[in-house]
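Good morning, colleagues. Please take a moment with the sequence and the model on the screen before I go through selected features.

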Amino acid sequence: MDTSLNWIKDLVPGLECTDQEYMDAMTLSGTKVEQGNRLDKNLSKIVIGQVKKIEKHPDADKLVICQVDVGEDDLIQIVTGAPNVFENAKVPVVLDGGSVAGGHDGKIVEGGVKIKKGKLRGVESCGMMCSIEELGSTTEMFPDAAEDGLYILPEDAPVGESAPHYLGLDDLVVEYEVTSNRVDCFSILGIAREAAATFDKKFVPPVVTETGNSEDVNDYIKVRVEDKELCKRYTARVVKNVKFAPSPIWMQKRLRSQGIRPINNLVDITNYVMEEFGQPMHAYDLDTIAGKEIVVKRAEKGEKFTTLDGQERELDDSMLMICDAEKSVGIAGIMGGENSMITEKVSNILFEAACFDGTNIRLSGKKLGMRTDASAKFEKGLDPNLAMEAMNRACQLIEELGVGEVVGGAVDVYDTKREGLRVPFEPEKYNKLLGTDIPAETMIGYFAKIDLGYDKETNEILVPSWRQDVLCDADLAEEVARFYGYDKIPTTLPNGQSTTGKISFKQYIEKIARQVAEYCGFSQGMTYSFESPKVYDKLLIDQDDNVRNAIKISNPLGEDFSIMRTLSLNGMLTSLSTNYGRRNKNVRLYEMGNIYIPKQLPLTELPDERKQLTLGMYGEGDFFEMKGVVEELLYQVGMRNKPEYDPKAELNFLHPGKQANIIYDGKVVGYLGEVHPTVCANYAIKDRVYIAVIDMPTVTEMASFDYKYEGIVNFPASSRDISMVVPKEVLVGDIEKVFDQRGGKYLESYKLFDLYEGEQIKDGFKSVAYSLVFRGKEKNLEEADISKAMKKILNGLEELGIELRA
Amino acid sequence: MKERLQKIQEDAMRQINEAVNLSVLNDVRVAFLGKKGELTAVLKGMKDVAPEDRPKVGQFVNEARKQIEEALESTKEKLEKAALDKKLKEEVIDVTLPAKRNKIGHRHPNTLVLDEVERIFTGMGYEVVEGPELEYDYYNFEALNIPANHPAKDEQDTFYIDDKILLRTQTSPVQVRVMEKQKPPIRMIAPGRVFRADEVDATHSPSFHQIEGMVIDKNVTFSDLKGTLTMFVQQMFGKDTKVKFRPHHFPFTEPSAEMDISCFKCGGKGCRFCKGEGWIEILGCGMVHPRVLRMSGIDPEEYQGFAFGVGLERISLLKYEIDDMRLLYENDERFLKQF
């Protein structure tokens with residue numbers, strides 16, 4: 001919403017403030033000012049002048065020398081090349097030392113253009129006569145200005161006076177962010193009422209007077225509203241013998257300052273009233289209305305209708321139409337029809353001011369892809385009481401401007417009158433909510449400023465119908481707070497019963513996981529939760545894999561953001577690819593983010609959101625380093641048993657020989673591996689990439705910090721080395737399982753110290769050597785204790801087909 | 001005899017003084033005090049001394065021995081110190097040579113800010129809670145006093161899965177979920193991912209984060225809201241930060257406000273950073289709407305409270321002066337390394 005400050009000041013007599021004071025105060029009382037734009041920014045020393053005499057320039061064909069009366073004793077001499085200059089023309093003149101907004105090509109110059117006395121082809125020129133563009137406006141806003149040349153002012157323009165003032169450019173256009181609850185503030189009157197209350201001045205709205213001749217409008221038109229849900233009120237009046245003319249300067253000025261182009265008296269009046277009251281109006285050519293009847297009803301399904309912009313629209317039966325006895329003549333609240341539009345030949349018009357259902361207008365506009373100035377107002381949900389006021393105001397202006405003859409009376413179909421609301425006045429409640437101690441009389445004073453009355457007898461606040469947002473205590477408390485001043489409300493801290501500040505166990509485990517990743521050199525990335533379904537092809541996921549069952553967004557930003565990820569890998573690989581493409585070396589990233597696993601598709605309940613810790617790296621490091629990070633993480637969250645690794649993870653996106661599910665206490669907690677070279681190629685990474693994905697809910701379930709100090713044993717340790725010839729397919733993990741299961745209580749630790757495959761070892765075998773450490777907790781071990789344990793181990797190894805090396 | 005002893009002592013003293021290192025000194029000790037040393041020889045020759053002179057000679061010998069030993073000891077200390085000094089001198093390093101640092105990863109700026117926010121609020125007794133990112137329309141809108149067809153629903157370009165489930169557009173639904181489950185007093189913050197249908201550019205992202213906060217108790221007031229948020233921003237942006245509360249409208253709070261803070265770059269004088277305003281809009285807040293309390297099963301006649309919502313990215317971008325939101329989701333290591 002924009003308003004001219006001059007217009008506001010006219011409605012709030014005595015409002016005196018600087019532009020900045022106005023904007024700051026309005027913002028603090030709740031009508032937030034986005035910005036203010038002075039129309040005369042960079043205009044200085046510009047007056048109305050009259051060209052008295054024109055002579056040819058001695059040395060230039062295209063220049064003339066003018067003697068100009070600028071209201072001073074002497075004429076001043078100005079040289080101009082403007083083609084449309086003539087003697088006695090009145091024009092805006094910028095004097096020596098003044099400035100204009102820009103060039104006559106319409107280009108606005110930052111800071112303006114200074115005009116100085118100088119010589120043009122040897123002839124002195126003491127200023128410049130201006131085009132409308134040089135004054136910072138356009139021929140669109142000033143249709144009477146020449147397309148090319150000086151702006152020739154009306155003959156009655158007062159010579160010597162300020163031209164920007166004369167043209168209404170000495171104004172501040174204030175842009176507000178009006179919130180959706182303050183429908184009343186989408187109008188000049190609404191903003192002016194707020195301004196008056198803010199500055200504690202009187203709000204003086206225009207006095208709407210009786211209009212109309214002795215005829216009866218009912219002889220001209222009947223109105224029948226079939227859908228009273230969607231049309232809460234319909235008012236109509238008739239104007240005869242319309243004569244078009246430009247509207248008066250004062251009205252043009254105001255429209256221009258609102259950014260509206262003046263067109264003719266009739267159009268200007270409807271626009272003016274729409275700005276002033278926030279109520280859209282529509283004018284029909286009465287002679288096109290068949291049967292002298294208006295019917296408000298829903299459109300036929302599939303009905304075709306041509307709007308006044310010449311476009312054919314297809315309607316459905318949710319849309320409200322204005323019809324006559326035979327046909328549709330307008331889409332209610334959105335746009336009139338071509339068949340009933342005002343043309344130059346019009347003589348009698350039908351004025352409509354109605355109140356349509358906001359939601360319906362919004363939805364219809366959306367379906368039709370149309371949002372007009374009128375529909376933008378209606379969709380906010382107008383006060384039906386506004387319609388007749390606006391109608392009468394328009395007719396008053398019709399008479400004042402002599403546009404035509406207003407027929408007496410008005411048609412008003414308004415079954416359920418909207419009344420204002422009565423809300424009990426409970427000042428203690430407002431103070432309790434605000435933490436203030438404002439006296440009740442002061443509150444009543446605040447309410448009075450914005451036309452919220454007080455009924456002493458019933459102790460109720462009377463809320464006018466235009467304040468649809470004031471319904472309860474909290475709403476009234478806000479009105480009090482606004483005018484008391486948010487800044488004056490004290491600053492305190494809550495003092496009730498104390499509460500415990502904490503993060504959950506889950507959040508704590510996630511925090512540790514992040515720390516471990518960071519200590520291992522991984523930096524934290526963040527990627528989107530939605531991605532393209534094509535991701536599954538890039539990751540070589542089978543067509544019938546369950547992982548492809550992703551939740552689809554019904555209105556995505558595009559296919560690339562259309563499904564909720566079921567794997568966290570694409571974001572990671574995309575980020576690594578970005579880094580690789582930018583030649584960053586040895587990159588390590590991690591992400592802590594959700595995947596979304598539907599329990600059923602289509603969704604019948606919310607999906608399972610599972611937080612995944614995803615680690616990815618290229619450059620330095622290998623599979624086992626990644627495995628080290630995984631084990632460090634599990635250890636740090638208290639998962640101190642030995643994890644197992646199942647190489648048969650069957651993950652297509654990983655190298656078939658370098659992948660494993662991570663298993664802890666028999667449960668899969670995640671997977672790791674080298675990314676399949678084809679997948680790497682799909683992400684344009686020409687390096688080996690290692691990833692690990694940890695399912696945090698599973699980890700959180702198994703994490704525990706319940707462990708105890710085990711004591712330091714002082715008995716000496718004995719170690720035994722064993723060197724084995726092992727069938728190739730036996731995993732080192734299988735050997736370690738034998739140690740774990742058969743080593744007995746004295747086996748303290750073991751360590752792989754040699755692994756070899758090659759010439760000295762027979763085909764299909766590898767050489768594996770371990771160092772085993774035995775120690776007793778309560779006694780010095782004897783040889784027999786150790787050999788007993790070793791024997792058990794060797795038996796177990798034998799079962800795996802392992803031979804001891806000589 | 002006495003002269004002989006004197007000479008031995010003198011010789012020993014001279015040689016001790018002349019010793020240049022510990023091994024020469026040791027040779028001196030052996031030469032005089034060793035098994036075959038000169039003084040030992042004198043002792044061995046005691047049998048030839050007249051018995052009546054023996055105590056006297058013995059005393060001389062012991063004295064000489066004592067003096068030699070003392071001289072040896074003090075010289076040894078001196079030489080050892082010299083040797084250590086020499087060793088230390090040789091080991092001098094250039095301490096300005098580069099450090100060997102562990103390569104530790106970097107935390108995302110959003111997380112750094114969130115950690116800070118959580119630290120501040122848990123310190124004030126707030127619990128950090130979470131809610132689902134895919135949410136029912138009811139929690140995201142209806143229970144927050146945004147009924148079907150409310151224009152605010154359009155303003156928040158929502159991604160829908162179907163007519164009941166959507167990607168939450170705000171963290172406010174967590175307020176409702178907490179109120180449904182928990183009896184007041186409640187003090188919570190709820191950080192998390194939210195989604196809106198905005199095309200990606202320097203200032204927009206279809207996925208970003210908010211931090212919701214809410215306090216419900218018997219006597220929590222708007223002035224408590226002011227105090228709490230003032231304390232928060234002063235801890236976050238520095239104790240000289242000034243605040244401004246402006247009236248605003250949110251369907252789920254009444255009265256509502258937007259909070260500005262004085263520009264931390266120019267201190268409020270107005271600069272390019274704050275677009276000359278001197279103030280930066282930082283968050284929305286208000287008193288929880290009685291209708292929202294009632295819908296969540298809390299009696300507004302008994303309880304009241306405040307709520308606020310902060311954009312996490314808004315703070316990260318401001319705090320670290322990051323000029324393009326896209327950087328937060330690209331994960332370029334050269335960017336991440338700066339945090």
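Let me begin with the interface, in which 74 residues of chain A and 69 residues of chain B take part; two residues are in contact if their C-beta atoms, placed from the backbone, lie within 7 Å. Before going further, I note that this is a predicted model, in which local features need pLDDT of at least 70, side-chain atom pairs count only at pLDDT 80 or more, and totals for chains, interfaces and linings use all residues. Residues are numbered from 1 along each chain as its sequence is written, while chains are lettered from A and ligands numbered from 1 in the order in which they are written.

By class, the side of chain A comprises 30 nonpolar, 31 polar and 13 charged residues. Here Ala, Val, Leu, Ile, Met, Phe, Trp, Tyr, Cys and Pro count as nonpolar, Asp, Glu, Lys and Arg as charged, and the others, Gly among them, as polar.

Two of these helices also meet within chain A. The axes of α10 (residues 427-434) and α12 (residues 473-484) of chain A come within 9 Å and cross at roughly 70°. Axes are lines fitted to C-alpha atoms, for helices over the stretch in contact, and angles run from 0 to 180 degrees between N-to-C directions. The helices α10(A) and α12(A) are therefore roughly perpendicular to each other, a term covering 65 to 115 degrees. On the α10(A) side the contact is made by K429(A), Y430(A), L433(A) and L434(A); residues of α12(A) in the contact include D473(A), L476(A) and V480(A). This contact has eight nonpolar, no polar and two charged residues.

I turn to the strands. Chain A has an open sheet of three strands in the order β24-β26-β25, with antiparallel pairing; two strands pair if DSSP finds at least two bridges between them. β24 (421-424) and β25 (453-455) of chain A stand at the edges with a single partner strand each, so one side of each lacks a neighbour in the sheet. Direction ignored, neighbouring strands of this sheet are turned by 35° against each other on average. β25(A) and β26(A) (residues 460-463) share three bridges, and Y454(A) stands opposite I461(A).

Elsewhere in chain A, strand β36 (residues 718-727) pairs with β38 (residues 765-774) in the antiparallel sense over 10 bridges. β36(A) also pairs with β39 (residues 803-804) of chain A, antiparallel over two bridges.

Finally, some backbone details. The peptide bond from L601(A) to P602(A) is cis, with omega near -10°, and P602(A) is found in the loop between β30 and β31 (608-618) of chain A. D200(A), not a glycine, has a positive phi of about 60°. Is D200(A) buried or exposed? D200(A) is exposed, because 11 other C-beta atoms lie within 10 Å; the cut-offs are 20 or more for buried, 12 or fewer for exposed, and partly exposed in between, with C-beta atoms placed from the backbone.

Terms used:
Helix = DSSP H or I, 4+ residues; strand = E, 2+ residues; numbered from the N terminus. Parallel < 35°, antiparallel > 145°, perpendicular 65-115°, else oblique.
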